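Please look through the sequence and the structure shown below before reading on.

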Amino acid sequence: MSAWVLPDHIADVLPSEARHIEEIRRDLLDMARCYGYELVMPPMLEHLESLLSGTGEALDLQTFKLVDQLSGRTMGLRADSTPQAARIDAHLLNRQGVTRLCYCGPVLHTRPAVPHATREPLQFGAEIYGHSGLEADLEILTLALDALKTAQVGALTVDMADARIVAALLAPSGLDAAQQVMVHAALAAKDSSELALLVKSCPTAIAQGLLALVDLYGGAQVLEHARKVLPPLPAIHEALDHLKWLASHLEGVRVSFDLADLRGYAYYTGVRFSVYAAGASDALARGGRYDEVGSVFGRKRPAVGFSLDVKVLVGAAAVRPLRAAIRAPWGEAAALRTAIAQLRQQGETVVCVLPGHESEVDEFQCDRELVQAAGQWVVTAI
């Protein structure tokens, strides 16, 4: 095998795409800062038990493992930054009130999350800790939408669910852990036949409720229909109320519901959402409430957040024009070098044409050039 061949689903990012990714990354972090979110930079590598605490099997299967040569302990390369942010909130910051954190960095997956996806996403995310009310859920959802809008993607659709609905139905079902995993899979696949076989031993009302979930997707009418066909359990009615309240506060986006949606990591405990854009084949952002994620670190704090892959986002975002640059001759003259330095200090991109390369075209679109006129270096249009 050639030395330059990269592993499957791992790729170099070349100049045009790298520029687009970096511009969007900066815009996302600026948007989060406008909301009051503080930037943190967790490490790529941690002890495995810290990375996977309370996150479920899905994240375990996505995590690369290795042995630390210094301690002999098993370590992992992060596949998701959410547990790391929870650890930072619980142990390093240890604040009593609300904490808002954001991050943007690479994560590694043992397998692509969807066909043709990269195994090295560039994950941007935001988390808010310390507030259990719907106000925090709405803030995170609004930030996610504003983040996608600043990337200039198409018309947005928010699809919502709530982890408490399935949990409330499974609690009195009598199914063991393995059977519940199979129910989750059947619900995700909307496989009514398989689900019917799995729940046939459950109490009648619970079995009927689980089977009804398969068809509970669509517009606002889904919530009212769910109240009629699902058992009158307090947790279910509370979840439906919360979904209705959140949807009523969203403007300028289409809202839908899928009450059987269980995609994503197992740490979600409440409202969860996915945001889709016109022309995108999968969700561009996912998030929700995960109040249990920090409990393993000794602080059970209310938490809600979202994340997205900037590389995927770039593929759905509008193409940005190249930043106009100034072409300048190469030279040792002090006046020329001073003129170039001043332009760069003003934020201009100045590309010096090296001797013998005057006709080459590169990544930067030069619409002006630095020329000498009447003994002065001036910028003129090309």
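## The sheet and its strands

In this predicted model, nine strands build an open sheet with mixed pairing, and their order is β1-β5-β6-β12-β11-β10-β7-β9-β8. At its edges are β1 (38-39) and β8 (217-218), each of which pairs on one side only. As background, strands of a sheet pair through backbone hydrogen bonds, either parallel or antiparallel. Within the sheet, β7 and strand β9 (residues 254-258) run in the parallel sense and are joined over four bridges, with Asp159 standing opposite Ser256 in β9.

Other strands give examples of antiparallel pairing. Strand β2 (residues 45-47) pairs in the antiparallel sense with strand β4 (residues 74-77) over three bridges, and the bridge partner of Leu45 in β4 is Leu77. Strand β3 (residues 64-67) also pairs with β4 in the antiparallel sense, over four bridges, and here Lys65 stands opposite Gly76. β3 and β4 form a hairpin with six residues between them, and Gly72 in the turn has a positive phi of about 80°.

The protein chain as a whole contains 13 helices and 16 strands, and its C-alpha trace spans about 90 × 55 × 50 Å along the principal axes. Among contacts between residues at least 6 apart in sequence, 67% join residues at least 24 apart.

## The buried interior

Of the 382 residues in the protein chain, 46% are buried. In soluble globular proteins, nonpolar side chains tend to be buried together. Here the largest nonpolar core has 76 residues, and those with the most contacts inside it are Met160, Leu213, Leu259 and Phe306. Helix α5 (residues 134-150) gives the most to this core, with 10 residues. Apart from it lies another core, of 15 residues, including Ala86, Tyr103, Tyr268 and Phe297.

Why is helix α6 (residues 163-170) described as largely enclosed by the rest of the structure? The reason is that seven of its eight residues are buried, namely Ala163, Arg164, Ile165, Val166, Ala168, Leu169 and Leu170. These buried residues of α6 pack against β7 (156-162), α7 (177-189), α9 (204-213), α11 (234-248) and β10 (271-277).

Arg87, found in helix α4 (residues 82-93), has a relative accessible area of 17% and is therefore buried, since the cut-off for this class is under 20%. Leaving aside residues up to four places away in sequence, Arg87 touches Pro43, Glu46, Ser50, Leu92 and Phe297.

## Aromatic rings and cysteines

A pair of aromatic rings is described by the distance of the centres and the angle of the planes. The structure holds two aromatic pairs. One of them, formed by Phe124 and Phe306, is edge-to-face, with 6.0 Å from centre to centre and 65° between the planes. This pair links distant parts of the chain, since Phe124 belongs to strand β6 (residues 122-129) and Phe306 to strand β12 (residues 303-309), 182 residues apart. Both Phe124 and Phe306 are buried. Another ring, that of Tyr37, has the charged end of Arg100 sitting over it, 6.0 Å from the ring centre.

How many disulfides does a search of the whole structure find? The search finds zero. Cys34 is in no disulfide, and the nearest cysteine sulfur, that of Cys102, is 11 Å away. Cys34 has 68% relative accessibility and so counts as exposed. Cys104 is likewise in no disulfide, and the nearest cysteine sulfur to it, again that of Cys102, is 8.7 Å away.

## Two residues with positive phi

Most residues other than glycine have a negative phi, and most peptide bonds are trans. Asn94 has a positive phi although it is not a glycine, and Lys190 also has a positive value in a residue other than glycine.

Terms used: Residues are numbered from 1 along each chain as its sequence is written. This is a predicted model: local features need pLDDT of at least 70, side-chain atom pairs count only at pLDDT 80 or more; totals for chains, interfaces and linings use all residues. Side-chain values use heavy atoms; hydrogens and water are left out. Rings of Phe, Tyr and Trp (its six-membered ring) pair if their centres lie within 6.5 Å; planes under 30 degrees apart count as stacked, over 60 as edge-to-face and the rest as tilted. Helices (H or I, at least four residues) and strands (E, at least two) are DSSP runs, numbered from the N terminus. Buried means under 20% relative accessible area, exposed over 50%, partly exposed in between (1.4 Å probe, protein chains only). A charge sits over a ring if NZ of Lys or CZ of Arg is within 6 Å of the ring centre and within 35 degrees of the ring normal. A disulfide is a pair of cysteine sulfur atoms within 2.5 Å. A nonpolar core is a set of buried Ala, Val, Leu, Ile, Met, Phe, Trp, Tyr and Cys residues joined through side-chain atoms within 4.5 Å. Contact means heavy atoms within 4.5 Å. Two strands pair if DSSP finds at least two bridges between them.
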